[in-house]
Amino acid sequence: MFDESGWNKEFKERFNHRYDELKWLYFSLYGEDYQALDWLTAAMWDYYSERKSSLKKLDRQREKNPDWYKGNGLLGMMMYSNLFGGNLQGVRSRLDYIKDCGVNYLHLMPLLDSPKGKDDGGYAVADFRKVKPELGTMKDLEELTEDCHNAGISVALDFVMNHTSEEHIWAKLARQGDMAARSRYFFYDNWDIPNQFERTMPEVFPTTAPGNFTWLDDCKQVVMTTFYPYQWDLNYGNCMVFNDMTANMMYLANRGIDVMRLDAVPYIWKQLGTNCRNLPQVHTIVRMMRIITEVVCPGVLLLGEVVMEPSKVVPYFGTVEKPECHILYNVTTMASTWNTIATRDVGLLKRQADQVAGLPKDYVFQNYLRCHDDIGWGLDYDWLKQFGIDQVAHKKYLNDYLTGRWYGSDSRGELYNDDPKLGDARLCGTTASLCGLEAALYEKDKAKEEKAIACILMLHAWLFTQSGIPVIYSGDEIGQLNDYTYKKDPEKWADSRYLHRGKFPWEKVEKKDPISMRIFNALRVMEKLRAEHAIFSGQAGVETMETGSRSVLGILRYLGMDQHLRAYFNFSEQTQHFWTMPDDEAERYVDLFSGKTMKELGDQLEPYGYRWYLEQPKAAEGSRSVRQMTA
Ligand code: GLC
């Protein structure tokens, strides 16, 4: 039994409140192993005690206001520290720019020690307690998180929990034959069991890293590697893996991380005869992690990286009584958005928006247009089938359009993991290049340039209209283009995700590049309006509206009886006519951007146009009747 004699009241209360459930869950996975559970309990107290008082203060504030991340006040940005600032101190010295962007939630891409050339963009961690030397030290990270907190910015970091790098100490020992270390991974003497696994396990990187196992010639063993061969899957069936990894998470939380991005979380439990994704045990583990953070560092949020079809995503929120993740990626809306750019048909996106709107308001999504990964075409093909749309042909069309191979398309994306067996390629590229800005600048075509800028802005307006936390991919706020230099780097050329992982173009900010400034300023206007108006909070109701145009998406947001926002987005490069209000209520709606009132019955949206019509409070009634009397 653990020794609680030294515990303080706060820890005791939090712990006692949750211990029964933790114990029950722990034993359901690992049997009645009191020794292992006591080890974990002692670690929880240790990390709680070493937590800085400033972080504990934040914990208490957030415990009192557990909905702190659910409103309309957060604006996120994700970035690679090296691309943005060179290293962690460089990011620190550029915090003013991040503040100028209005950002108060900063996701730093993986920055822990990982072997050069075999790092999967930092997702192959060799040491969870060491920063990549070229980026700095743990002290630098702590200084950065402290500066961020002082500036009101929360910091997110990846917790790469499914696997370690083959350079991690456990992996090195396992290679040398240490059986305890081997039991932390999935090791096999021959291919019998791996081959059985392969029958039901899909591939994550079918062309860049086919198969789910790797032969280790030096020790004559097969090891499970769902992602790259140098990323060895951890065996969470071993309680020491869970204990040690949880300790690593608490260690990072104590460095000042506010949001833990649980990387590739659906994959963490493996079972023969299954697809090894989203198994019930995954939810047990996430629930335990939630309980542990609520005891040790309750200010910390769990963000689940669940890049799966919608029915698989939502269960990661858990239930009201037993919550799991606080935030999840809204991957389907992201993919459906790019689908709509290619098809100019909002049908699927409208359906997707309706589905999200139907979920409990407490479910917080992280919304985004682009991130460091590819765009996978996980769309609702069962629904599309009724229109005669075939999955393989449709994906081919989307990829053709967004790579600019389709006649008339100015998109400049590149394929990612083109799998001819399944006809399933994914897509890379920055927002600006996908919207046609790169082609427009290359061709020096002013009309195309205008169209591309309009497209970029419309997409962001749509992003900011969604409930949840909008996260901008660093560089998108100034229209950063694709970066082709990765093709010359042997460590990167096989992975086209580097196309949208270019160095931040500081010269565009410093020289005030007119296009960049136009995008930046327009985004700031939207972001400020979003933060100012409660109608954008997660508590608002959301519905889609019929607009009379296949290319115009209409979103209604409402709070109470008399606060309404009617938003419209033209997803085509043609002017579109759309339906507005059918009666004289229309004139009560004023576009937040232009200040113009809505026209009755119908209006026009310019190519890639957008509107945010906010209903004016009834107090404006007086002026309305004056106008009517004089009319
Ligand atoms: C996540 C990351 C991706 C990485 C993978 C393996 O999906 O977003 O970039 O390749 O995990 O860790």
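Analyst: Happy to. Keep in mind that this is a predicted model.

User: What does the side chain of Glu510 meet in a salt bridge?

Analyst: The partner is Arg94, with N and O 3.8 Å apart. Arg94 sits in the loop between H5 and helix H6 (95–100), while Glu510 belongs to helix H21 (residues 506–510), so this pair ties together parts that are 416 residues apart in sequence.

User: And is Arg94 buried, exposed or partly exposed?

Analyst: Arg94 counts as partly exposed, because its relative accessibility is 28%.

User: How many salt bridges does the structure hold?

Analyst: There are 59. One of them joins Glu143 and Arg92, at 2.9 Å from N to O. That pair also links distant parts of the chain, as Glu143 is in helix H7 (residues 138–150) and Arg92 in helix H5 (residues 88–93), 51 residues apart. Glu143 has a relative accessible area of 23% and is partly exposed; Arg92, at 25%, is partly exposed too.

User: What about Asp67, which residue does it form a salt bridge with?

Analyst: With Lys70, where the closest N and O atoms are 3.1 Å apart. Asp67 is partly exposed at 41% relative accessibility, whereas Lys70 is buried, with a relative accessible area of 14%.

User: Which residues are linked in a network of salt bridges?

Analyst: Glu50, Lys52, Glu142, Glu146 and Arg255 are linked that way.

User: Switching to the ligand now. Which residues surround it?

Analyst: The surrounding residues are Asp120, Tyr123, His163, Phe205, Phe227, Gln231, Arg261, Asp263, Glu305, His372, Asp373 and Arg497. By class, that shell has 6 charged, 3 polar and 3 nonpolar residues.

User: Which polar side-chain atoms lie by an oxygen atom of the ligand, and at what distance?

Analyst: Asp120 has one at 2.7 Å from a ligand oxygen, and Arg497 has one at 3.1 Å from a ligand oxygen.

User: How much of the ligand's accessible area does the protein cover?

Analyst: It covers 94% of the 310 Å² that the ligand has on its own.

User: Nice. Can you tell me about a sheet? What order do the strands S7, S8 and S9 have?

Analyst: The order is S7-S9-S8, in an open sheet of 3 strands with antiparallel pairing. Strand S7 (187–188) and strand S8 (213–216) are at the edges with a single partner strand each, so one side of each has no neighbour in the sheet.

User: Over how many bridges do S7 and S9 pair?

Analyst: Over 2 bridges, in the antiparallel sense, with strand S9 spanning residues 221–224. In S9, Val222 is the bridge partner of Tyr188.

User: Last one, then. Where does Asp178 lie?

Analyst: Asp178 is in the loop between helix H8 (169–175) and helix H9 (179–182). It is partly exposed, at 31% relative accessibility.

User: Which backbone nitrogens does the side chain of Asp178 reach?

Analyst: It reaches the backbone nitrogen of Ala180 at 2.9 Å. A polar atom of the Asp178 side chain also lies 2.9 Å from the backbone nitrogen of Ala181.

User: Great, thanks for the tour!

Note on methods. Residues numbered from 1 in each chain as written. Predicted model: local features only at pLDDT ≥ 70, side-chain atom pairs only at ≥ 80, totals over all residues. Heavy atoms only, no water. Near = heavy atom within 4 Å. Polar contact = N/O pair within 3.5 Å; in protein donor to acceptor, adjacent residues only side chain to side chain. Areas by Shrake-Rupley, 256 points an atom, 1.4 Å probe, with all protein chains shown as cover. Nonpolar A, V, L, I, M, F, W, Y, C, P; charged D, E, K, R; others polar. Helix = DSSP H or I, 4+ residues; strand = E, 2+ residues; numbered from the N terminus. Buried < 20%, exposed > 50% of the residue type's maximum accessible area, 1.4 Å probe, protein only. Pairing = 2+ DSSP bridges. Salt bridge = Lys/Arg side-chain N within 4 Å of Asp/Glu carboxyl O.
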